[in-house]
Amino acid sequence: MRNLRQGECAEDETSVALGIFDGVHLGHQSVIREAVRLAEGLKVTPAVFTFKSSTVTSKGRADQLLSEETKLKKIEDLGIEYVYCAEFDELKDLTASEFVDEILYKRLHAKAAICGKSFSFGKGGKAGCEELKSLCASCGIQVTVVPSLELDGQSVSSTRIRGLIADGEISAANRLLGYRYGYTLRVEHGFERGRTWDFPTINQTIPSGLVLPRFGVYCAKVLVNGRWYIGVTNIGVKPTVGEKIAPLAETFIVDYEGDLYGKEITIELYEFVRPEKTFDSFDELKAEIARNTEFTKKYFGE
């Protein structure tokens, strides 16, 4: 796959998926995959028009499921070759007609536009799929509306996924995402007490603005130098340590030895083990880490 191209004006004709795609979950993926499929038939470039998730205020402020960098990477992995990722304030006052004419027709040279059933656009988000079809018809742009995706009798939505993550229902959230929730973050220096307990951990501060999983311990996997390792990850603020810190992911990597300080490391959360709690002593904490490690090994069948 060629590197993802970004900008405000495409060089080629496009088949463009429309949406915020803040989680690139299964519902979003169905829209993006349809844009890729149509692009192949029309012999045009598969593209996405989206907003930077952190700038969207029309639906109220909400913690992000993905960093902007990770969001674009997942979009690229689905086969998209070009993205117009705008600041919401830059375009929020465009009327529906102006959006179709200025963005889809003149800048993206769209031959096809693909959206979900709940897609809205134009100033105040007052226009929907029917208006999109009507306006695009006059520009020679074909419109495809992808039906809402449901799992377990409910629509797959970013709001639903945020709620599951906040409740610690990480395996259920992963089903709706179509991938495992996690982070790719720089490893920082911590208190380094784990090294004296034979449980050295990596510490990764969770950036402000990203959705926080329920504080506690998770079965995880960790990608180091192209290899996946079993991990035991605590999401929280280390109450036993007694220091005020920002929420972080602290992970013990099973059967790994090495210095990872300063490196960008990916962790993926699989299953919630227990809530975060305060221990009366570090010996109790050490024993609990050992129990959590054994549980995680059994979870992964090792």
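Predicted model: local features only at pLDDT ≥ 70, side-chain atom pairs only at ≥ 80, totals over all residues.

Me: How much space lies in the second largest pocket, and which residues are the closest to its centre?

Reply: The second largest pocket holds about 510 Å³, a volume being the space filled by probe spheres set on the grid points, which are joined across faces, edges and corners. It is lined by 21 residues, of which S67, T70, Y183, T184 and T266 are the closest to its centre. At least two lining residues come from each of α2 (68-77), β9 (182-186) and β14 (264-275).

Me: How many nonpolar, polar and charged residues does that lining have?

Reply: The lining has nine nonpolar, five polar and seven charged residues. Ala, Val, Leu, Ile, Met, Phe, Trp, Tyr, Cys and Pro count as nonpolar, Asp, Glu, Lys and Arg as charged, and the others, Gly among them, as polar.

Me: How many salt bridges does the structure hold?

Reply: Side chains of opposite charge can pair when their charged atoms come close. The criterion is a side-chain nitrogen of Lys or Arg within 4 Å of a carboxyl oxygen of Asp or Glu, and the structure holds 15 such salt bridges.
One of them pairs R107 with E8, with 3.7 Å between the closest N and O atoms. Since R107 lies in helix α4 (residues 96-107) and E8 in the loop between β1 (5-6) and β2 (14-18), the pair ties together parts that are 99 residues apart in sequence.

Me: Which parts does the salt bridge between D152 and R175 tie together?

Reply: In this salt bridge the closest N and O atoms of D152 and R175 are 2.8 Å apart. D152 lies in the loop between β7 (150-151) and β8 (154-155) and R175 in helix α7 (residues 170-177), so the pair joins parts that are 23 residues apart in sequence.
For accessibility, buried means under 20% relative accessible area, exposed over 50%, and partly exposed in between (1.4 Å probe, protein chains only). D152 is exposed at 56%, and R175 is partly exposed at 43%.

Me: What separates E288 and R291 in helix α8?

Reply: E288 and R291 are three residues apart in helix α8 (residues 282-299), a separation of about one helical turn. Their side chains meet in a salt bridge of 2.6 Å, N to O. E288 counts as buried at 8% relative accessibility, whereas R291 counts as partly exposed at 48%. Elsewhere, salt bridges that share partners join D101, E102 and K106 into one network.

Me: Is T50 buried or exposed?

Reply: T50, in strand β3 (residues 45-51), is buried, with a relative accessible area of 0%. Its side chain reaches the backbone oxygen of I20 at 2.8 Å; a polar contact is a pair of N or O atoms within 3.5 Å, where, within protein, one must be able to donate a hydrogen and the other to accept it, and residues adjacent in sequence count only if both atoms are side-chain atoms. Not counting residues up to four places away in sequence, T50 touches residues including G19, I20, F21 and K71.

Me: Which backbone oxygen does the side chain of Y218 reach?

Reply: The side chain of Y218 reaches the backbone oxygen of R214 at 2.7 Å. Y218 is found in strand β11 (residues 216-224) and counts as buried at 0% relative accessibility.

Key
Residues numbered from 1 in each chain as written. Heavy atoms only, no water. 1 Å grid on protein atoms, 1.4 Å probe; cavity = no way out; pocket = protein on both sides within 12 Å on 5 of 7 lines; lining within 4 Å. Helix = DSSP H or I, 4+ residues; strand = E, 2+ residues; numbered from the N terminus. Contact = heavy atoms within 4.5 Å.
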